[in-house]
Amino acid sequence: MGPDLTVMIGGEAGDGIRQAGLLMDKMFVRGGFHVFSVFDYQSLIRGGHNYHLVRVSVRPVRAPRRGVDLLIALNEDTVERHAGELTTGSILLYDSDSVKDLSGVGPAKPLPMPLRTMAREVGGPLIVRNSAALGALVNLLGYELDVLLEVLKRQFKPKVYEINEKAAKRGYEYARENFESLGVQLRFRGDEGRLVVTGSEACALGAVAAGMKFYAAYPMTPASPILHYLARIQRDADIGVIQAESEIAAINMVIGAAYAGVRSMTGTSGGGFSLMVEALGQAGATETPIVVVLAQRPGPSTGLPTYTSQADLLFAIHASQGEFPRIVSAPGDVEETFYLTAEAFNLAERFQVPVILLIDKHITESFTDVEPFDLGAVTIDRGKIIESEWRGPGEYKRYLFTEDGISPRALPGTLGAIVKQNSSEHNELGWASEDPDNARKMQDKRLRKLIAISEALRGKSLEVWGDPGADAVLLHWGSTRGAVYEATERLAEEGLKVRAVRVIYLWPFPSEEIVAELRGAGRIIAVEQNATGQLAKLLRMETGIQVDHRVLRYDGRPFTPEDILEGVMEVM
Amino acid sequence: MVSVAELGTAKKNTWCPGCGNFAILMAFKRTIAELGLKPERVVVVTGIGCHGKMGDYVAVNSFHTIHGRVLPLATGIKIANPELEVMGFAGDGDAYAIGIGHLPHAIRRNVDLLYVVHNNKVFGLTTGQYTPTTPKGMKTRSTPFGVPEKPMNPLTFALSLGATFVARGFAGDVEHLTYLFKEGVRHRGFAFIDVLQPCVTFYNTYPYYRERVYRLEDSGHDPGDWEAALARAREEELSEGEKVPIGIFYRSEEPTIFDEMPHLTEEPLVRRELRVDIGRFYREFR
């Protein structure tokens, strides 16, 4: 095992914490390390407290670990808030111009640096002290200054770079002259060309790679970064992006565009999704293929806007009146977010249903390193689409009764076809119909699609790992994957035989496959980022299986492997 | 070229005999026929209410959407494929009550749509409640002691927001209505037409309007004059119901959202190559 280090930089909103954290991520990844980093911020623009926590490791990591090995504190507040996470051997690198009170730091080793003064001396604004701190960090870790400079150069315009270069070099020199190197050293391992992306970027790129041409959304944390990124690249990506007047407008625009034949997506969080619910049912009733990204944050109501949660699972599955088929998928990390977003468009069009991609702040706003995405793995399948002309037989019927429930889909503008979609119950032609016989048949036709969907998803709905003869199985979904993965390894080290089952496609619920996995699997422990165990409830509803224990976290902060380890040890 | 008769469907019409919707439907069919539009290139979006059934009665593409959402849905269709003629029809409850939040933004975007409001000043299909345009004091099923609120004026509302085409029609004058629809379709940008539409069952305003309606085209009104448009839009209120002008109140040429965002429509989104090499975006992630 090589080094596995947690570095945190903290300060006020406006101190450039996110940028400094991202520079760290890139610097380490360019040297062949893996990173997972969480940007923790509050719902405000200035003041308050922000931190960026970078976990850097020689092997892929997908969750934060408990404890901080090296804390860079730009203000006193950071020291106060995080002193408890420092242990023997931890380092506190702090701006001695800003931090005076070190009481309560405990066993950590303090390393003072006059960062404010250094920023002034290189002729920069206060924010360049971040580069001085990173320079010092590089020296402490025995890392390559050139890698930091390269990252800075790519980040900034030449003039801004010059000042940051000076600051970084100065910080590096200061550390060399004043501090001893750390016990843990990160030696440059070689650049493997990996990318540092957030889940938002992975989602956006997955959509673009899959041929999404229209994105409409209303700003809402933590889905806004998808809007920002797509808006920024829209010209190069050959897509249209609209900030709508509300989430209601956004989803209806997306339904209109999808009806017209364009792969379209919207994204929001729970509050906005609540507003979209009526139109989601419209997509279901009219059989319009759309993709809705639901990036969860803790509720109820406004909740904790900038934190993470998995409490909208049952909502996503049940949202909107009546009964209609839908697909709900939940990627487990940033990388999978790319591929499941891309696949969501195929599923939406093949089955002419709304697809909900259930992610959360822990995915949309966490940075991690990924291999450049495999575009060969992104296929485009538009299902039963009529490309240019309807040649019969007979009059085109948008809702033709078929065996699998999927009707050939002509787009408005298709020669020879009149395409009528209707949110009222309708006949095959799309005309409103209140006939009881038709109503039953049309409902059956729509719901029949669930059978075809389940068939298509067979073998793709679960990820399973661990010991087949285990005493316990950790049932989970979504972004808890990373923490659960490490927890299973650590539990094995503790001598417990544990298996993990992750549900990727949550609806239609893969009952048969789950029952097969859980049969004789020992105790079932649901691990979820919510207060009531929603997957556990869903499991019971769909299979009758009752979980034995729940390990839950619902304070808005992501699970660490340690949380799960302790939770499982407690019940085993 | 398609004829008015060919634009009909076999669907049985369920509007009340004498309903103002018949005139709007006729004007709409004539518009398609007289402008020589191809039915497969026309999309009608309708909301919830009696008007909403219109899509079933005309042989063009249609989307019968949920209550109040005609504008965003129509906007999405137009952005996806600007080669389609997209026409939204909404009721006054649909457009001015539940869906009013979309109107300012459709106006601000100046998206190239025709938007017709069947303004009968009452909820018909839900059997006679008041809407934002029902006169103050009128007794309806939900206001047995009279409507307590002032009615809104859709035309001054649209004008104040900078709408580029503002018109009012009367369902008792199909010929004039057809003229307005045709001008609205021709208008480059968002064309807003409020249609005074009597509801013979819950609020029969035929006699009232027949006595008071006059055509702006016959009155020397200059549709390029915004101040004059505003004055005409207030004429019914100011004359205490003496005169009700119909016609084009205001018309101006202004950039549409497609002019402002040319990459949206250089090539219709619906025809673009789906495969995009995303490798070009990787630089910033290194």
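Among contacts in chain B between residues at least 6 apart in sequence, what percentage join residues at least 24 apart? In this predicted model, the share for chain B is 70%. For chain A, residues 24 or more positions apart account for 73% of the contacts with a separation of 6 or more.

The overall dimensions of the two chains were examined next. Chain A contains 18 helices and 23 strands. Its C-alpha atoms occupy a box of roughly 85 × 55 × 40 Å along the principal axes. A compact globule with 572 residues would have a radius of gyration near 25 Å, and the 26 Å of chain A agrees with this. Of the 572 residues in chain A, 58% are buried. Chain B, in turn, comprises 10 helices and eight strands. The radius of gyration of chain B, 20 Å, is close to the 19 Å that the globule rule gives for 286 residues, so chain B is as compact as a globular protein of that length. The C-alpha trace of chain B extends over about 70 × 45 × 40 Å along its principal axes, and 53% of its 286 residues count as buried.

Two sheets of chain A are described here. One is an open sheet of eight strands with mixed pairing, in the order β6-β5-β4-β1-β3-β2-β14-β7 (chain A). Its edges are formed by β6 (109-113) and β7 of chain A, each of which pairs on one side only. From one strand to the next, the twist averages 20°. Helix α4 (residues 129-140) of chain A lies across β1 (4-13), β4 (68-73), β5 (86-95) and β6 of chain A, and runs at about 140° to β5(A).

The other sheet is also open and consists of seven strands of chain A in the order β9-β8-β10-β11-β13-β12-β21, again with mixed pairing. Strands β9 (240-243) and β21 (505-507) of chain A are its edges, each pairing on one side only. Neighbouring strands of the sheet are turned against each other by 20° on average, direction ignored. Strand β8 (residues 214-217) of chain A and strand β10 (residues 264-268) of chain A run parallel and are joined by two bridges. A:Phe214 is paired in this way with A:Ser264 in β10(A). Across β8, β9, β10 and β11 (290-296) of chain A lies α9(A), which runs at about 165° to β10(A).

The contact between the chains draws on 55 residues from chain A and 45 residues from chain B. On the side of chain A that touches chain B, at least two residues each come from β7 (195-198), α7 (199-209), α8 (224-237), α9 (247-259), α10 (270-286) and β17 (420-422) of chain A. Helix α9(A) gives the most to this side, with nine residues. By residue class, the side of chain A that touches chain B is made up of 32 nonpolar, 14 polar and nine charged residues. Strand pairing also crosses between the chains: β17(A) and strand β2 (residues 61-64) of chain B run parallel and are joined by three bridges. In this arrangement, A:Gln421 stands opposite B:Phe63 in β2(B).

Two helices of chain B illustrate how residues are buried there. In helix α2 (residues 70-80) of chain B, 11 of the 11 residues are buried, so the helix is largely enclosed by the rest of the structure. Among them are B:Val70, B:Leu71, B:Pro72 and B:Lys78. In helix α8 (residues 226-233) of chain B, the residues B:Ala229, B:Arg232 and B:Ala233 are buried. Viewed down the axis of α8(B), its buried residues fall within an arc of 100°, so they line one face of the helix. The elements covering the buried residues of α8(B) include α5 (154-160), β5 (165-170), α9 (235-238) and β8 (244-251) of chain B.

Methods
Residues numbered from 1 in each chain as written. Chains lettered and ligands numbered in written order. Predicted model: local features only at pLDDT ≥ 70, side-chain atom pairs only at ≥ 80, totals over all residues. Contact = placed C-beta atoms within 7 Å. Helix = DSSP H or I, 4+ residues; strand = E, 2+ residues; numbered from the N terminus. Nonpolar A, V, L, I, M, F, W, Y, C, P; charged D, E, K, R; others polar. Pairing = 2+ DSSP bridges. Rg over C-alpha atoms; globule rule 2.2 N^0.38 Å. Buried ≥ 20, exposed ≤ 12 C-beta atoms within 10 Å, placed from the backbone. Axes fitted to C-alpha atoms, helices over the stretch in contact; angles between N-to-C directions. Arc of directions from axis to C-beta.
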